[in-house]
Amino acid sequence: MRFNLINHKIFTLLKVQYSNMLEYRVEIALWAISGIIPFFMLNIWTNNNLNESISISEVMLSRYFLCAFFVRQFSVVWVAFSFEEDSLMGKVSPYLIQPLNPFFRYFAQHIAEQITRFPFALIIAFFFFIFNPESIWIPNFDILFLSILSTFLSFLIQFLIQSIIACLCFWTEKASSIERLLFIPTLFLSGLLAPVVSFPNYVKSWIYLTPFPYLIDFPANLLSGNETNISGGFGMQILWLLLLFPLFKKIWSEGTKKYTAMGS
Amino acid sequence: MVKNIIDVRNLSKSFETSSKEPSLKGTIKHFFRRKTKSLKVIKNISFEIKEGEIVGFLGANGAGKTTILKMLCGLIYPSEGRIVVSGYLPYKRKNNFLKNITLIMGQKQQLIWDLPPIESFYLNASIYELDKFEAKKRIKKLSDMLEIHDELFIPVRKLSLGQRMKSELLAALIHEPNILFLDEPTLGLDINAQRNLRKFLQKYNEETNATICMTSHYMKDITSLCKRVICVHNGSISYDGDLDLLIKKLSPIKEILIVCRSEEDATKIENSVFTVKNKIKNEITIEVENASIASSLKTILNNFNIEDLFINEPPVDEIIGKILIKKDYEI
């Protein structure tokens, strides 16, 4: 009975947030289109034959950037901004006195947004293949499953990082500025602009200790069929989740003690 | 014997605030060295509220009423003292406690702006772990009580303020809480909507024996719903008790409006022994102590040429206004 009620809770949360996201379908389509940075990067890489320096064929590189685009589409997180706005406007207050952590709402919003994004991302991929027919490939089921899983774990890592930053709203009103600080390393070290394999060896050894390469580079390499350490990648993703989750719980519990219910 | 559902002992709350001097110099100083100080907004207050009571919190802006409500519902942590609500420490926000309470803040909404309210109701119902059948039943019951039906299927952004407020109430009450914290629930509503909301709250209290703690700047909300008021002045309780008793104590006079046959007759009354509140042409209002009403009426009827006469209580707003600016009321 209780299990059914929890299922019902999750289903209703997703259903309502999906209905809400459908109200913003044009906005979401534009967001999907705005995520085409990997395609620009592909153009820069191939026009300058940069792929030769890292021993990746042009086809594999184009698949990598398409996959980077897909991974990015399904791991975009904006919870720090939403929470900051809701916190400043006093909208968090009613959520805080409900028997559900408000971050579940934001989590459901993100999942619903990803579901809404899906068809737009497919359309963009369709056009990509029209212009790059040699890049068409069908990953096998195991790889597809593992790629979806690693993309979801990447989303979870980013969601937790941003949720921790969002909780800083309890101490400082403009916590999203801290998120902006993280934007630069995320952009350069995640594999969105260049596969991490292209970095010098001494830099790579450090990068692989951070969570960034497991956000885009690892799932994109996995899906595109490039060589990657699957168990190592998943291990690091799980390790980062295990580190971030207790940190989030601690900051959340300390932060709510500081909450002043501003704006309400 | 009715049990206490809210027990507050020596409760205090302090906030850290920073101050900034005006001018560019002040701004630069503020940027480099921020002066912060601790401001005690609630000072060592104690009170109890019984199950089923409707209690109004009165006080001027910034007196601390809303802060008290926020601590009672667990939204903010107290700095000192102890609060027990329905057997729980509110700031721990245990799920069983949260399922028993609700907080409604006028003009602050929890409904999803772009969707019809019905979607938010089902969402809230699932959060409170109500099954679909039970949720449907409660939505029907509450929408009948609140007299909203078609509005449930119109996006929130297209509803009027009154319809939105009713929907907010429905969303906040779907889990049938035992304790309602209402912060300015009628803010911005027109007179009819205010009256309907009061009627609804009265009915909800009668039917469910829910405890209601409310703040409002509309005195009609307080006088028509609350038998008991707690007056808050600068973070301390200046009065806690029966509203009627307070009004009687603070208003030992009545007003008599006399309509004279001519303006000269009104002038004669003005020049007599009575305390005149105002005079407009042949109408004059005098203030008479409750104890001397009969003798004053006799004097007026015997000595002056009058057409009509009305005895009025001074407006409750005026009386309560006095409470807001004074510190202590001993009854």
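This is a predicted model: local features need pLDDT of at least 70, side-chain atom pairs count only at pLDDT 80 or more; totals for chains, interfaces and linings use all residues.

A: Two strands are taken to pair if DSSP finds at least two bridges between them.

Q: In which sense do strand 3 and strand 8 of chain B pair, and over how many bridges?

A: Strands of a sheet pair through backbone hydrogen bonds, and the pairing may be either parallel or antiparallel. In this case strand 3 (residues 54-58) and strand 8 (residues 228-233) of chain B run in the parallel sense, and four bridges join them.

Q: What is found on going from strand 8 to strand 9 of chain B?

A: These two strands of chain B form a hairpin with two residues between them, and in the turn Asn234(B) has a positive phi of about 50 degrees. Strand 8 and strand 9 of chain B pair in the antiparallel sense, over six bridges, and Ile230(B) has Asp240(B), in strand 9 of chain B, as its bridge partner.

Q: In what order do the six strands of the open sheet in chain B lie?

A: The order is 5-6-7-3-8-9, and the pairing in this sheet of chain B is mixed. Strand 5 and strand 9 (236-242) of chain B are the edge strands, each of which pairs on one side only, while from one strand to the next the twist averages 15 degrees.

Q: Which strands of chain B does helix 9 lie across?

A: Helix 9 (residues 243-250) of chain B lies across strand 8 and strand 9 of chain B, and it runs at about 105 degrees to strand 9.

Q: How should I read the open sheet of four strands in chain B, and what is its order?

A: Here the order is 11-12-10-13, and the pairing in this sheet of chain B is antiparallel. Strand 11 (275-280) and strand 13 (306-312) of chain B stand at the edges with a single partner strand each, so one side of each has no neighbour in the sheet. The twist in this case averages 20 degrees from one strand to the next. As for individual pairings, strand 11 of chain B and strand 12 (residues 283-289) of chain B are joined in the antiparallel sense over five bridges, and Asn278(B) has Thr285(B), in strand 12 of chain B, as its bridge partner.

Q: Into which domains is chain B divided, and how far apart do their C-alpha centres lie?

A: Chain B is divided into domain 1 (4-248) and domain 2 (252-318), and the C-alpha centres of these two domains of chain B lie 43 Å apart. In total, chain B contains twelve helices and 13 strands.

Q: What do the overall dimensions tell us about chain B?

A: The radius of gyration of chain B is 25 Å, whereas a compact globule of 331 residues would have one near 20 Å. Along the principal axes, the C-alpha trace of chain B spans about 75 × 55 × 50 Å.

Q: How many helices and how many strands does chain A have?

A: Chain A has twelve helices and zero strands. With a radius of gyration of 20 Å, close to the 18 Å that the globule rule gives for 264 residues, chain A is as compact as a globular protein of that length. The C-alpha atoms of chain A fill a box of roughly 60 × 40 × 35 Å along the principal axes.

Q: At what angle do helix 8 and helix 11 of chain A pack?

A: Helix 8 (residues 141-167) and helix 11 (residues 217-224) of chain A pack at an angle of about 170 degrees, and their axes are 9 Å apart. Since angles over 145 degrees count as roughly antiparallel, helix 8 of chain A is roughly antiparallel to helix 11 of chain A. Among the residues that make the contact are Ile143(A) and Leu146(A) of helix 8 and Phe218(A) and Leu222(A) of helix 11 of chain A. The residues of this contact between helix 8 and helix 11 of chain A divide into six nonpolar, four polar and no charged.

Q: How many residues of each chain are in contact where chain B touches chain A?

A: There, 26 residues of chain B are in contact with 22 residues of chain A. Helix 3 (95-98), strand 5 (101-105) and helix 4 (117-127) of chain B each supply at least two residues of the side of chain B that touches chain A, and helix 4 of chain B gives the most, with five residues. The residues on this side of chain B divide into 15 nonpolar, four polar and seven charged.

Definitions and conventions. Residues are numbered from 1 along each chain as its sequence is written. Chains are lettered from A and ligands numbered from 1 in the order in which they are written. Two residues are in contact if their C-beta atoms, placed from the backbone, lie within 7 Å. Ala, Val, Leu, Ile, Met, Phe, Trp, Tyr, Cys and Pro count as nonpolar, Asp, Glu, Lys and Arg as charged, and the others, Gly among them, as polar. Axes are lines fitted to C-alpha atoms, for helices over the stretch in contact, and angles run from 0 to 180 degrees between N-to-C directions. Angles under 35 degrees count as roughly parallel, over 145 as roughly antiparallel, 65 to 115 as roughly perpendicular and the rest as oblique. Domain bounds come from an automatic or database domain assignment. The radius of gyration is taken over C-alpha atoms; the globule rule is 2.2 Å times the number of residues to the power 0.38.
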